[in-house]
Amino acid sequence: MIEFAKVSKQYSRDVFALRDISLSVRKGEFLFLAGPSGAGKSTVLKMIAAIERPSSGTLTVSGQNINTIRSSGMPYLRRNLGLIFQQQRLLHDRSILANVMLPLVVTGAARSDAEKRARAALDKVDLLDKANAEPQELSGGEQQRVAIARAIVNRPQIILADEPTANLDRDNANKVLAALKSFHGVGVTCLISTHDDQYLTGAERIIYLDHGRIVDGWRDSANNPLRAAR
Amino acid sequence: MNWLRQHFFALGDAFTHLLRSPGNFILNVLVVSIALALPFAGLTVLQNVRPVSEQLAVEPEISIFLKMDVSRDKAIALEGIIRTILKDYSSNARIEFIPREKAFDSLKTKTGLNDVLATLGENPLPDSYVLKMSGFENAMDAGRIDDIAQKLQAMPGIDTVQIDSAWVKRLAALLRILRLVLLFLGVTLGAVVVAVVFNTIRLQVMTQYEEIEVSRLLGATNAFIHRPFYYTGALLGLCAGGLALGLVVLAMQPLNLAIAEFARLYASEFRLAPPTLLATAAQLGLSALLGLIGAMLSVKRHLSRLA
């Protein structure tokens with residue numbers, strides 16, 4: 001479903017965000033991108049969403065080559081993705097319901113249909129009762145769950161979550177991860193970046209990045225955060 | 001259906017953003033309407049004056065006064081020569097022979113100077129011809145009349161040939177200048193309107209930066225993002241155009257009082273009429289178009305940078 005083939009991202013002569021990344025993500029996988037800050041986790045997610053393009057190598061998402069995708073084709077690629085950002089990026093001039101409806105509205109969905117689906121999405125993250133509230137009235141954890149509802153409202157094939165548990169307490173972070181796992185349960189491919197090792201325990205698949213490279217055999221290394229945690 | 005829904009959404013979105021800061025919108029409408037009011041006023045004056053000038057230009061008159069010693073038979077015979085001259089210049093005219101008696105009676109009737117004229121003893125007026133020219137499409141053609149007049153003057157028995165086209169030419173020249181001034185004014189102030197809308201949209205793009213970014217990431221197309229700004233520009237232009245027309249119509253009330261007083265001196269009923277429905281629609285359409293152009297330029301410049 002997602003295929004990185006020797007992908008590099010270079011911002012200037014000496015600044016590399018990614019170096020020769022080769023990675024395959026199958027449909028329905030639940031994958032963590034782990035590693036310290038600045039390892040390149042966010043760049044991987046941005047490339048999948050065509051926010052950034054590879055400097056070299058080839059990246060294919062759902063059969064579309066991100067290297068060559070035209071700007072007119074990007075919206076249609078993104079409609080199959082559910083994006084969750086570290087800073088939720090909710091629009092503060094409108095209600096929670098209107099925020100969740102936005103991915104449907106941009107596709108031209110009928111208002112009544114969009115509202116129905118947005119309410120269903122909010123119900124899935126236990127925030128239906130906050131539908132008419134404004135984002136600033138919600139806690140950080142609740143806002144992150146709204147961002148999840150917004151990401152899944154258009155029934156995407158892939159969810160990309162960039163540090164969704166950052167700035168959340170353990171309880172709220174677990175709720176967010178539980179919500180993501182429930183969507184994975186119905187076949188949605190999930191890629192979650194985190195620098196917080198405590199959420200990696202029991203993960204189905206972990207890709208560990210450091211200085212823009214995938215670290216092979218990291219589970220056996222002394223740097224394995226899971227080993228350290230044990 | 002989806003396409004129509006997207007346009008309704010964009011229009012609604014434009015209204016929502018305008019209503020969020022109505023003060024800014026009203027101020028912008030005021031600025032744009034002042035810029036539009038001047039060319040609209042000029043256009044209205046031109047529209048009012050044009051029919052008058054065209055009417056004058058289309059049917060200029062040539063008066064031919066014969067010498068007093070030309071006999072009636074010879075005077076009537078001149079009509080054939082006049083027709084030949086007109087034919088040479090491919091001009092048509094309604095030729096009216098006015099016998100001196102008829103002219104004298106007319107003078108007495110129209111001026112009410114019966115007593116004064118009676119003291120003259122005899123009729124001092126000559127026989128004359130009045131040629132009402134036709135086939136002149138505009139006042140520019142009036143120059144052709146000069147050549148015809150020269151030929152007529154050369155006929156035997158002619159005392160004076162009087163053309164009324166000279167002042168028509170002057171009026172035509174004046175109207176040409178007025179049109180050019182109006183065109184210059186229209187283009188200049190049209191550019192001002194585009195610039196004001198351009199800046200308004202620029203500020204709106206900056207204000208809505210986050211919303212635009214998020215919408216893009218959620219799969220919004222460029223058309224979806226641009227459309228509300230286009231509607232905002234067109235709405236701004238339309239509202240300003242409406243206000244400008246309202247100002248012009250309002251200003252016409254006191255102006256018409258002054259014009260009526262002036263026209264009365266020339267026994268005329270001339271008044272400035274408000275723009276016709278078609279002219280109103282055209283001016284509103286033009287205002288909306290200018291707003292749309294300003295918005296399109298601004299969106300092209302500022303949103304492409306964001307993209």
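**Reading the two chains**

Modeller: Chain B has ten helices and four strands, where helices (H or I, at least four residues) and strands (E, at least two) are DSSP runs numbered from the N terminus. This is a predicted model, in which local features need pLDDT of at least 70 and side-chain atom pairs count only at pLDDT 80 or more, while totals for chains, interfaces and linings use all residues. Residues are numbered from 1 along each chain as its sequence is written, and chains are lettered from A and ligands numbered from 1 in the order in which they are written.

Biologist: What radius of gyration does chain B have?

Modeller: The radius of gyration is taken over C-alpha atoms, and the globule rule is 2.2 Å times the number of residues to the power 0.38. The C-alpha atoms of chain B fill a box of roughly 100 × 45 × 35 Å along the principal axes. A compact globule of 307 residues would have a radius near 19 Å, but the value for chain B is 31 Å.

Biologist: Why does the radius of gyration of chain A agree with that of a compact globule?

Modeller: Chain A has seven helices and ten strands, and its C-alpha atoms fill a box of roughly 50 × 45 × 30 Å along the principal axes. The radius agrees because a compact globule with 230 residues would have a value near 17 Å, and chain A has 18 Å.

Biologist: What percentage of the residues in chain A is buried?

Modeller: A residue is buried if 20 or more other C-beta atoms lie within 10 Å of its own, exposed if 12 or fewer, and partly exposed in between, with C-beta atoms placed from the backbone. In chain B, 30% of the 307 residues count as buried. Of the 230 residues in chain A, the buried share is 43%.

Biologist: Which element supplies the largest share of the side of chain A that touches chain B?

Modeller: Two residues are in contact if their C-beta atoms, placed from the backbone, lie within 7 Å. In these terms, 14 residues of chain A are in contact with 15 residues of chain B. On the chain A side, α2 (74-78) and α3 (96-105) each supply at least two residues. The largest share, three residues, comes from α3(A).

Biologist: At what angle do α3(A) and α5(A) pack?

Modeller: In α3(A), the residues A:Ile96, A:Asn99, A:Val100, A:Leu102 and A:Pro103 meet A:Val146, A:Ala149 and A:Arg150 in α5(A). Axes are lines fitted to C-alpha atoms, for helices over the stretch in contact, and angles run from 0 to 180 degrees between N-to-C directions. The axes of α3(A) and α5 (residues 140-152) are 7 Å apart, and the angle is about 35°.

Biologist: Is B:Leu36 buried or exposed?

Modeller: B:Leu36 is found in helix α2 of chain B. Residues that B:Leu36 touches, not counting those up to four places away in sequence, include B:Leu189, B:Val193 and B:Ala244. Because 28 other C-beta atoms lie within 10 Å, B:Leu36 is buried.

Biologist: What distance separates the C-alpha atoms of B:Arg50 and B:Ala172?

Modeller: B:Arg50 is found in helix α2 (residues 22-58) of chain B. B:Arg50 is partly exposed, because 13 other C-beta atoms lie within 10 Å. B:Arg50 and B:Ala172 are 122 residues apart along the chain, and their C-alpha atoms are separated by 9.4 Å.
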